[in-house]
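Let's walk through this model together, starting with its charged side chains and ending with one of its sheets. Keep the viewer open as you read.

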Amino acid sequence: MKFRNLSQLILVALLLVLFANSASAQKHARTYQEAEESLHSEDYKTALQEYLEVAAIDPKFESTEYKLELCSLMQDSDYPLDKYLQLEPDYSSDEYYYYWLGKVYMSRYIFEDASSTLKLFHQKIEYSGNTEDEDALRLIETSAHLMAFFDNPDNYEIHQLESPVNSDGDELSPVFFEDKKELLFASSRGSVYPKVYKIYYTKKDDNGWGSLTEVKTLGRFDETTANIEVVNEDGKLFLFREDNGGDLYYSQASGDTWTIPVEFDSRISNNHLHSHFYINEHEDRVIFSSDERGSGLDLYESYIDPDNGKWTKPEDFSIDINTPYDEDSPYLSPDETKLYFVSDRPGGVGGKDVYLSELDLDAFKWSKPKNLGWPINSPDNEFHFKMNKDQTSGYFVSDRVHSKGENDIYFFWEVEKVNITGRLVDRDGNPLTDAQIRFHPSQYLDEYFHSKTSSTGMYSTKIISDEVFNVEILQNGKVIYNEKFEVHDAKGQAITHHKDFKVQ
């Protein structure tokens with residue numbers, strides 16, 4: 001009898017262990033499924049936490065190990081890619097490995113690798129008898145579209161402003177006073193929801209941007225009104241306030257600070273202005289964006305009628321520019337023949353892009369807007385585009401990859417390009433075939449100029465002059481060589497540089 005009771009006790013204990021293990025396994029599988037759902041809905045932060053719960057019990061469960069790397073990569077553009085590439089699973093166990101790798105490349109603006117990886121994914125699912133993945137096809141088309149911009153960059157180079165200008169907050173509306181080397185901008189640094197924007201200024205010297213000073217006299221703004229403009233002719237700083245249905249105020253420099261803003265012209269408050277405005281140097285023409293029609297932002301203008309001295313009723317800036325999509329952030333050149341603005345119309349590089357339209361003085365008609373292309377425009381959003389006095393450089397705001405905060409300020413300037421050719425060889429002097437060389441400008445590493453090698457190891461491409469490059473040589477998608485390389489100023493001449501590289 002005693003033995004029988006002990007047997008029963010052992011049996012009950014075993015059943016309890018089996019039940020507990022079964023319940024644990026069910027919870028494990030359920031958490032993994034929740035992580036998969038979060039991942040496919042692109043909620044990478046939640047997916048990462050859920051995969052971590054699974055990994056705490058069994059790090060080798062299903063594809064948990066590489067999914068953890070994937071979620072980290074999609075949340076942090078500086079997270080290294082090496083481990084993900086080393087964790088390539090058996091394709092039969094997870095056919096979406098190359099799909100996610102393509103998404104990672106897309107998020108880092110490596111469009112060529114994104115396109116080839118996504119095509120590989122599509123070929124494999126077709127071979128396995130899977131139905132066509134519409135999202136993969138769309139991404140392949142998108143990567144090809146972006147490569148067209150990326151492989152034909154415009155004649156600009158850009159630089160992400162360093163600390164203390166850009167922060168983990170939101171930086172907007174840069175205004176540069178060239179004579180004083182002084183930059184003013186709006187920033188939400190240090191504030192929590194709802195975000196409060198203050199105006200700061202900093203001066204530039206040989207060591208970079210100096211410490212920041214808040215311009216308290218200009219007041220505080222919310223995200224929709226955080227916009228300042230300058231009239232170079234007299235140095236007035238204009239800003240928008242929602243008083244009287246929308247009104248312009250201006251401030252002037254006074255030593256190391258700015259005067260308390262005063263109303264610009266009470267007559268203009270009847271024109272239903274909005275915060276994203278531009279005012280010309282003669283202070284008799286205002287262009288602004290408004291959703292007056294309730295169907296998206298359009299550009300309107302109002303000017304002083306020379307006959308009666310009154311501000312005209314706002315009208316469409318140009319029917320050739322306004323579309324059913326958003327038009328915003330206008331900037332007009334001092335001669336009033338070039339209009340830069342932002343739009344999210346189809347066919348661009350990303351969400352909101354900067355466009356240029358030029359005035360035909362004979363026909364008095366604005367040209368079809370031209371996308372400024374890469375690298376000013378990116379797959380993300382650009383706005384608050386403003387030129388300096390020289391009309392060849394300026395500043396804009398973007399939320400592109402590697403931004404320190406939600407939006408960062410970037411400086412741009414026109415550049416010349418030169419041809420470069422050469423040969424890639426191994427340590428024994430044999431040509432490196434089926435390789436690729438990439439020239440990353442030191443000012444902006446997310447851009448690169450590239451070329452594939454011929455059967456003799458030769459390459460040829462165009463690069464920016466007067467720049468230091470980080471040169472990468474790749475084979476089979478992996479970097480096998482790095483070197484710094486400097487190109488001097490072309491000074492308007494058509495120059496071809498020759499540079500051979502020996503991979504040790």
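A salt bridge here is a side-chain nitrogen of Lys or Arg within 4 Å of a carboxyl oxygen of Asp or Glu. Please bear in mind that this is a predicted model, in which local features need pLDDT of at least 70 and side-chain atom pairs count only at pLDDT 80 or more, while totals for chains, interfaces and linings use all residues. Residues are numbered from 1 along each chain as its sequence is written, and side-chain values use heavy atoms, with hydrogens and water left out.

With that in hand, look for Asp 170, Lys 195 and Glu 406, which are joined in a network of salt bridges. The structure has 19 salt bridges, and a few pairs deserve a visit.

Begin with Lys 103 and Glu 42, whose closest N and O atoms are 2.6 Å apart in their salt bridge. This pair connects distant parts of the chain, 61 residues apart: Lys 103 belongs to helix 5 (residues 97–107), and Glu 42 to the loop between helix 1 (2–40) and helix 2 (44–57). Helices (H or I, at least four residues) and strands (E, at least two) are DSSP runs, numbered from the N terminus. Lys 103 is buried at a relative accessible area of 10%, whereas Glu 42 is partly exposed at 42%. Buried means under 20% relative accessible area, exposed over 50%, and partly exposed in between (1.4 Å probe, protein chains only).

Next, find Glu 382 and Arg 400, which meet in a salt bridge of 3.1 Å, N to O. Glu 382 sits in strand 23 and Arg 400 in the loop between strand 24 and strand 25 (408–414), 18 residues apart. Glu 382 is buried, with a relative accessible area of 0%, and Arg 400 is buried too, at 2%.

Strand 23 leads us to the sheet. Strands of a sheet pair through backbone hydrogen bonds, either parallel or antiparallel. Here four strands make an open sheet in the order 1-25-24-23, with antiparallel pairing. Strand 1 (156–160) and strand 23 (382–387) are at the edges with a single partner strand each, so one side of each has no neighbour in the sheet. Two strands count as paired if DSSP finds at least two bridges between them; strand 23 and strand 24 (residues 393–398) have four bridges in the antiparallel sense. Within this pairing, Phe 383 stands opposite Val 397 in strand 24.
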